[in-house]
Amino acid sequence: MAFALNVLDEATTGFLEVYNPTVIAMRARFAWFPMPPFGFREWLFGVIAVVVLCFALTPLATRNARWLRPLAWFYALIMFFNGIGHTLFTILGRTVESVTFSRPAPGFYSSPFLLIGSVWLITRLRKTASAVQLPA
């Protein structure tokens, strides 16, 4: 739910107006930088697809499916750093030197939910590590 809320927050606060110039600046400085720029439509359809996938995997996650645990750890860490990033960029008022914005940063309002949700998921993953079920 926190991720879905973050998508809504970013979509309504001009996230790509900050993200795309940041990616272009990072690629100019670091040729290896892996993030692509996006158009609004492709970005929105992509993140909605990920949200739908996350909801679809929820029944398996509640059954503690072993194969899903590494993906859940990856997801939890990405969401944690996503929440930290929105907060940090709000404090700084910029992402990179050339990309500034009025505060708060796009996506900031939902960042506490990302942080809380990711810490909760990490806690659950640690507590249920010994109860991992074999795949059905």
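**Exercise 1. Describe the overall make-up of the protein chain.**

*Solution.* Start with the elements: the protein chain has five helices and zero strands, where helices (H or I, at least four residues) and strands (E, at least two) are DSSP runs numbered from the N terminus. Read from the N terminus on, the order is α-α-α-α-α. Next, take the dimensions along the principal axes: the C-alpha atoms fill a box of roughly 50 × 30 × 25 Å. Finally, of the 136 residues, 33% count as buried; buried means under 20% relative accessible area, exposed over 50%, and partly exposed in between (1.4 Å probe, protein chains only).

Two notes before you go on. This is a predicted model, in which local features need pLDDT of at least 70 and side-chain atom pairs count only at pLDDT 80 or more, while totals for chains, interfaces and linings use all residues. Residues are numbered from 1 along each chain as its sequence is written, and side-chain values use heavy atoms, with hydrogens and water left out.

**Exercise 2. Work out how H1 and H3 are arranged, and which residues join them.**

*Solution.* Two packed helices are described by the angle between their axes and the distance between the axes. Here the axes of H1 and helix H3 (residues 40–62) come within 10 Å and cross at roughly 170°. Axes are lines fitted to C-alpha atoms, for helices over the stretch in contact, and angles run from 0 to 180 degrees between N-to-C directions. The crossing therefore makes H1 roughly antiparallel to H3 (under 35 degrees counts as roughly parallel, over 145 as roughly antiparallel, 65 to 115 as roughly perpendicular, the rest as oblique).

Now look at the residues in contact (heavy atoms within 4.5 Å). From H1 come Phe-3, Ala-4, Val-7, Glu-10 and Ala-11, which meet Phe-40, Trp-43, Leu-44, Val-47, Val-50 and Val-51 in H3. By class, this contact has ten nonpolar, no polar and one charged residues. Ala, Val, Leu, Ile, Met, Phe, Trp, Tyr, Cys and Pro count as nonpolar, Asp, Glu, Lys and Arg as charged, and the others, Gly among them, as polar.

**Exercise 3. Check the length of H5 and find its buried face.**

*Solution.* First the length: the 17 residues of helix H5 (residues 111–127) should span 24 Å at 1.5 Å a residue, and the end C-alpha atoms are 24 Å apart, which agrees. The expected span is 1.5 Å times one less than the number of residues. Then list the buried residues of H5: Ser-111, Leu-114, Ser-118, Leu-121, Ile-122 and Leu-125. Seen down the axis of H5, they fall within an arc of 100°, so they line one face of the helix; the arc is that of the directions from the helix axis to the C-beta atoms. On the other side of H5, Ile-116, Trp-120 and Lys-127 are exposed. To finish, the cover over the buried residues of H5 includes helix H1 (2–12) and helix H4 (69–92).
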